[in-house]
Amino acid sequence: MLRAERLEVAYGGVVALQDVSLEVAEGECLAVLGANGAGKSTLLRTLARGVRQRAGHLWLDGARIDRWAADRAARHGIALVPEGRRLFAGLTVRENLEVGAARLRRAEVGGRLGDVLRWFPELDQRLDLAAGRLSGGEQQMVGVGRALMGRPRLLLVDELSLGLAPLVTRRIYEILGQISASGIGVVLVEQYTDLALAAAGRALVLEKGRCVFGGTAEELRRRPELLETAYLGRELLAPVSAAPGEPAAERAAAAGRRGAGDGRRWPAVAEMRLRLEAPEKRRIEEAARAAGMDANEWIRAALRGSEAVKDGEV
Ligand SMILES: Nc1ncnc2c1ncn2[C@@H]1O[C@H](COP(=O)(O)OP(=O)(O)O)[C@@H](O)[C@H]1O
Ligand SMILES: [Mg+2]
């Protein structure tokens, strides 16, 4: 369905991705692993067309999408769940979900909401609460649910389990399995390698913007040294049985000392820096400003099809 070949992405002069190729089929789950700063979010943004590559090509169903903008990609079923979910905290859960359905016909929205709630029955009782009042796990469910509202064919999820408790993380993984079993392709960025490799059929490991592994999840589980060099998996996959002094244990210890490369020890990633607004949200905020409304008001008006929202497109 989606194919990327030799992508290169730079921010100004800083190269964030180099020579990265991948392919995702319908119903397939691809895990993208790598340390902080490895280029995982950049890769998802590029696939969602929020960032333009400097070299390389992308195809969707065999058609080149190199010059597509993010909204066109979204219309064609590429949905991004950004790092930190970026919900509208002051809007209700229902409204947040409906934002994701802005491209469906009005008559379809109710039915689609029902579909999404079958995946996330936990949200059924929360529909009228402000999204900001939900737990982190519930907010992530809304984030994924919002992306699903637009009937995506490809779901790109950034840092799925970041900041979530293990129990709710496992629950969200269970739902993700159902989502991909329903035929939706999934690209999953995750810091917890064991979870991601259990969910994914194939995996890609990025290190400093380059792909250091691409293959089956099974193969990567057998080669944990690849994750050590990417500063990953030291808790879960580092060979705990290896005695100190053995090369594997030394490498794991060195990876642990290096941590995430920014002073924090991986995987204690309690916070993240978002350098780029999700294009969807930014567009909404700009449209609201142009209409002289605050973003929440503007979205509510758009959801009701108000005249005040001129192009009616969220
Ligand atoms: N908007 C941006 N402007 C400049 N540099 C950026 C921007 N976003 C990411 N980078 C840089 O690109 C590299 C990859 O970042 P990112 O894709 O966020 O990695 P990851 O998601 O794996 O942590 C890092 O060196 C980061 O500092
Ligand atoms: Mg990231």
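Trainee: Which residues come nearest to ligand 1?
Mentor: In this predicted model, Y11, A16, K40, S41 and T42 come nearest, out of 13 residues around the ligand.

Trainee: And which elements supply at least two residues of that shell?
Mentor: Strand β2, residues 14-24, and helix α1, residues 40-47, each do. The largest share is from α1, which gives three residues.

Trainee: How do the shell residues divide into nonpolar, polar and charged?
Mentor: Five are nonpolar, six are polar and two are charged.

Trainee: Switching to the whole protein. How many helices and strands are there?
Mentor: The protein has 12 helices and 10 strands.

Trainee: What percentage of the residues count as buried?
Mentor: 42% of the 314 residues do.

Trainee: OK, the core next. How many residues does the largest nonpolar core have?
Mentor: It has 77 residues. Those with the most contacts inside this core are L30, A31, V32, L155, L156, L188 and A203.

Trainee: Which helix gives the most to this core?
Mentor: Helix α5, residues 136-149, contributes six residues to it, the most of any helix.

Trainee: Why would nonpolar residues gather like that?
Mentor: As a general point, nonpolar side chains in soluble globular proteins tend to be buried together.

Trainee: Back to A203. What does A203 touch?
Mentor: Leaving out residues up to four places away in sequence, A203 touches L30, A31, L33, L197, F213, G215, A217 and L220. L30 and A31 are also on the list of residues with the most contacts inside the core.

Trainee: Last one. Of contacts with a separation of 6 or more, what share is from residues 24 or more positions apart?
Mentor: Such pairs account for 66% of those contacts in the protein.

Note on methods: Residues are numbered from 1 along each chain as its sequence is written. Chains are lettered from A and ligands numbered from 1 in the order in which they are written. This is a predicted model: local features need pLDDT of at least 70, side-chain atom pairs count only at pLDDT 80 or more; totals for chains, interfaces and linings use all residues. A residue is near a molecule or strand if its C-beta atom, placed from the backbone, lies within 6 Å of it. Helices (H or I, at least four residues) and strands (E, at least two) are DSSP runs, numbered from the N terminus. Ala, Val, Leu, Ile, Met, Phe, Trp, Tyr, Cys and Pro count as nonpolar, Asp, Glu, Lys and Arg as charged, and the others, Gly among them, as polar. A residue is buried if 20 or more other C-beta atoms lie within 10 Å of its own, exposed if 12 or fewer, and partly exposed in between; C-beta atoms are placed from the backbone. Two residues are in contact if their C-beta atoms, placed from the backbone, lie within 7 Å. A nonpolar core is a set of buried Ala, Val, Leu, Ile, Met, Phe, Trp, Tyr and Cys residues joined through C-beta atoms within 7 Å.
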